[in-house]
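Subject: Structure handover

Hello,

Here is the structure I said I would pass on. My notes on it follow below.

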Amino acid sequence: MAVKIITFGTFDVFHIGHIKILERARSLGDYLIVGVSSDKLNFKKKNRYPIYNQNDRIDIISSLKYVDEVFIEESLELKEYYIKSFNADILVMGNDWEGKFDHLGKICKVIYLPRTPSISTTEIIEIAKAR
């Protein structure tokens, strides 16, 4: 039986850190499902809309060889629902979320992966604004 991994993110201004976490997530199993935060959810989380709209971000993530399935994440509070809906065995999140999803360990394994050092979408946007 295939091991299904699920992860979530905004994936705006796509960079090497995104590739690395998706590659590492996929290496933990056989099938990677990615929830891409909706534009509305991103505004709620970060008080700004993404540079790329949700349809463009879905196209970017869908094109990656590590990714098997993509969907729109509408709410942070629905993670348990998404995990159950996709029958995911493992939830992978960046370690900036460490401890925040431990309660989901009752329905799947929860793994927090270290983020790629010295790169973030927010940092890229700030550098671009400064120039």
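Asp 68 is partly exposed, with a relative accessible area of 35%. Please bear in mind that this is a predicted model.

Salt bridges

Asp 68 pairs with Arg 26 in a salt bridge, and the closest N and O atoms are 3.1 Å apart. The two residues come from distant parts of the chain: Asp 68 sits in the loop between H3 and strand S3 (69-73), Arg 26 belongs to helix H1, and 42 residues separate them. Arg 26 is partly exposed as well, at a relative accessible area of 23%.

A salt bridge also forms between the side chains of Asp 96 and Arg 115, with an N to O distance of 3.1 Å. Here too distant parts of the chain are linked, 19 residues apart: Asp 96 is in the loop between strand S4 (90-94) and strand S5 (109-113), and Arg 115 is in the loop between S5 and helix H5 (121-130). Asp 96 is partly exposed at 44% relative accessibility, and Arg 115 is partly exposed at 45%.

Asp 12 is buried, at 2% relative accessibility, whereas Arg 48 is partly exposed at 22%. The cut-off for buried is under 20%.

Lys 84

Lys 84 and Cys 108 are 24 residues apart in sequence, and their C-alpha atoms are 9.0 Å apart in space.

Strand S4

Is S4 buried or exposed? Five of its five residues are buried, so S4 is largely enclosed by the rest of the structure. In a regular strand, side chains alternate between the two faces of the sheet. Both faces of S4 are covered: Ile 90, Val 92 and Gly 94 are buried on one side, and Leu 91 and Met 93 are buried on the other.

S4 runs parallel to S1, and three bridges join the two strands; Thr 7 stands opposite Val 92 of S4. S4 also runs parallel to S5, to which five bridges join it. In that pairing, Gly 94 stands opposite Leu 113 of S5.

Thr 10

At 7% relative accessibility, Thr 10 is buried. Its side chain makes a polar contact of 3.4 Å with the side chain of Lys 45. Apart from neighbours within four places in sequence, the residues in contact with Thr 10 are Val 36, Ser 37, Asn 42, Lys 45, Lys 46, Pro 50 and Arg 57.

Regards

Note on methods:
Residues are numbered from 1 along each chain as its sequence is written. This is a predicted model: local features need pLDDT of at least 70, side-chain atom pairs count only at pLDDT 80 or more; totals for chains, interfaces and linings use all residues. Side-chain values use heavy atoms; hydrogens and water are left out. Buried means under 20% relative accessible area, exposed over 50%, partly exposed in between (1.4 Å probe, protein chains only). A salt bridge is a side-chain nitrogen of Lys or Arg within 4 Å of a carboxyl oxygen of Asp or Glu. Helices (H or I, at least four residues) and strands (E, at least two) are DSSP runs, numbered from the N terminus. Two strands pair if DSSP finds at least two bridges between them. A polar contact is a pair of N or O atoms within 3.5 Å; within protein, one must be able to donate a hydrogen and the other to accept it, and residues adjacent in sequence count only if both atoms are side-chain atoms. Contact means heavy atoms within 4.5 Å.
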